[in-house]
Amino acid sequence: MTSKASNSVLTLLDPYINQSTLRSLFILSIIFIHRSFERKVDLAQMASTGEKGLIVSFGEMLIDFVPTASGVSLAESPGFVKAPGGAPANVAIAVSRLGGRAAFVGKLGDDEFGHMLAGILRENGVEDKGINFDKGARTALAFVTLRADGDREFMFYRNPSADMLLRPDELNLELIRSAKVFHYGSISLITEPCRSAHLKAMEVAKEAGALLSYDPNLREPLWPSTEEAKTQIMSIWDKAEIIKVSDVELEFLTGNKTIDDESAMSLWHPNLKLLLVTLGEKGCRYYTKNFHGSVDAFDVNAVDTTGAGDSFIGAFLSQIVDDHSVLEEEERLRKALRFANAVGAITTTKRGAIPALPTDCEAHCFLKDK
């Protein structure tokens with residue numbers, strides 16, 4: 001447009017808008033278009049580098065003491081091997097070992113175990129900017145009893161442990177806001193101030209657009225009563241968009257000993273996009289608004305089931321973090337769940353949770369042989 005023509009247009013627009021204002025609007029439009037172009041270039045560069053969306057896992061990390069012999073009580077065990085654990089930390093490391101981006105948010109004791117655990121997160125490629133240390137409380141411990149079938153029971157030492165003392169003002173909000181998926185359990189709901197920190201972190205993640213993923217990870221001995229456990233677990237139920245429960249947890253929450261579709265769907269809520277029910281050696285079931293079904297498990301020699309559910313959900317989240325439309329397409333969802341089942345199965349073949357988590361290469365090699 002020539003200067004003369006431009007002035008004619010500006011003259012016609014008067015007195016509704018003056019020439020100075022219109023020029024300012026024109027300049028702002030050019031700046032906006034330029035910045036939009038820069039943003040598209042940044043996104044294209046991010047895609048070209050293969051950078052994946054961040055999965056932030058919130059909650060506890062602890063030391064599991066696993067007996068060297070199966071099928072005996074804690075008192076009868078001839079010895080124990082220490083293994084890093086804690087469901088949210090297991091999930092974070094599972095994601096990282098499978099080639100994803102993961103961060104952990106929680107609190108550890110300012111002791112040798114706490115710094116050891118923080119080091120293990122770093123060694124496994126997990127972002128550690130969300131970790132706090134408490135000088136007045138120890139890192140939590142758990143002794144794990146392995147039955148002959150590889151299933152387990154827990155005895156906890158945390159009264160209080162550092163993870164229970166995380167405060168809302170200690171949260172790394174910038175890290176939480178950067179999550180594409182925010183994953184959490186229910187143990188952090190048991191006591192204050194960690195409960196308030198949990199609720200704050202959920203709120204911040206949701207406001208920033210993260211997909212909320214919830215695995216209650218029921219540990220009844222940690223709760224004052226079974227009634228309190230159910231109440232608090234359900235208190236945040238309608239916030240989550242992905243929920244994973246085990247068959248035992250489904251029975252606990254519904255009071256129904258029959259594990260069927262009706263029982264599972266009684267836990268459905270309007271904000272939910274996917275409900276997963278893990279069934280151990282029987283695989284898993286999935287429920288969405290439009291379809292439901294099951295995916296078979298893999299036959300392996302289970303040595304220790306600790307961490308199997310955590311590796312399952314970590315593997316699944318790593319498959320959908322950059323494309324949430326997987327949740328709406330059954331064929332792609334089943335493929336992601338088959339991968340998650342494979343990762344869960346591999347985890348049961350070794351003792352301990354984190355030491356048993358497979359790499360992406362191990363998982364795909366396992367699937368090729370099946």
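A: Asp 163 is buried, with a relative accessible area of 7%. Buried here means under 20% relative accessible area, whereas exposed means over 50% and partly exposed lies in between, computed with a 1.4 Å probe on protein chains only. The model is predicted, and local features need a pLDDT of at least 70, side-chain atom pairs count only at pLDDT 80 or more, and totals for chains, interfaces and linings use all residues. Residues are numbered from 1 along each chain as its sequence is written, and side-chain values use heavy atoms, with hydrogens and water left out.

Asp 163 has its place in the loop between strand E7 (152-157) and helix H5 (173-177). Helices (H or I, at least four residues) and strands (E, at least two) are DSSP runs, numbered from the N terminus. If neighbours within four places in sequence are set aside, Asp 163 is in contact with Glu 60, Lys 107, Ala 140, Arg 158 and Cys 194; contact means heavy atoms within 4.5 Å. Pro 160 is also placed in the loop between E7 and H5, and a cis peptide bond with omega of about -10° joins Asn 159 to Pro 160.

Between Asp 163 and Pro 193 there are 30 residues in sequence and 9.8 Å in space, C-alpha to C-alpha. Pro 193 lies in the loop between E8 and helix H6 (194-207). The peptide bond that leads from Glu 192 to Pro 193 is cis, with omega near 5°.

Asn 217 has a positive phi of about 50°, although it is not a glycine. At 10% relative accessibility, Asn 217 counts as buried.

The helix H11 (residues 330-347) comes next. Its 18 residues should span 26 Å at 1.5 Å a residue, and the end C-alpha atoms are 26 Å apart, which agrees. The expected span is 1.5 Å times one less than the number of residues. The buried residues of H11 include Leu 333, Leu 337, Phe 339 and Ile 346, and they pack against strand E11 (274-278), strand E12 (284-287), strand E13 (292-295), H10 and helix H12 (360-368).

H11 and H12 pack at an angle of about 105°, with axes 10 Å apart. The axes are lines fitted to C-alpha atoms, for helices over the stretch in contact, and angles run from 0 to 180 degrees between N-to-C directions. That makes H11 roughly perpendicular to H12, a word used for 65 to 115 degrees, while under 35 counts as roughly parallel, over 145 as roughly antiparallel and the rest as oblique. Among the residues that make the contact are Arg 338 and Phe 339 of H11 and Asp 360 and Phe 366 of H12.

The largest nonpolar core has 53 residues, and Phe 316, Leu 333 and Leu 337 have the most contacts inside it. The largest share of this core, nine residues, comes from H11. A nonpolar core is a set of buried Ala, Val, Leu, Ile, Met, Phe, Trp, Tyr and Cys residues joined through side-chain atoms within 4.5 Å. Apart from neighbours within four places in sequence, Leu 337 is in contact with Leu 276, Cys 284, Tyr 286, Val 295, Phe 312 and Phe 316.
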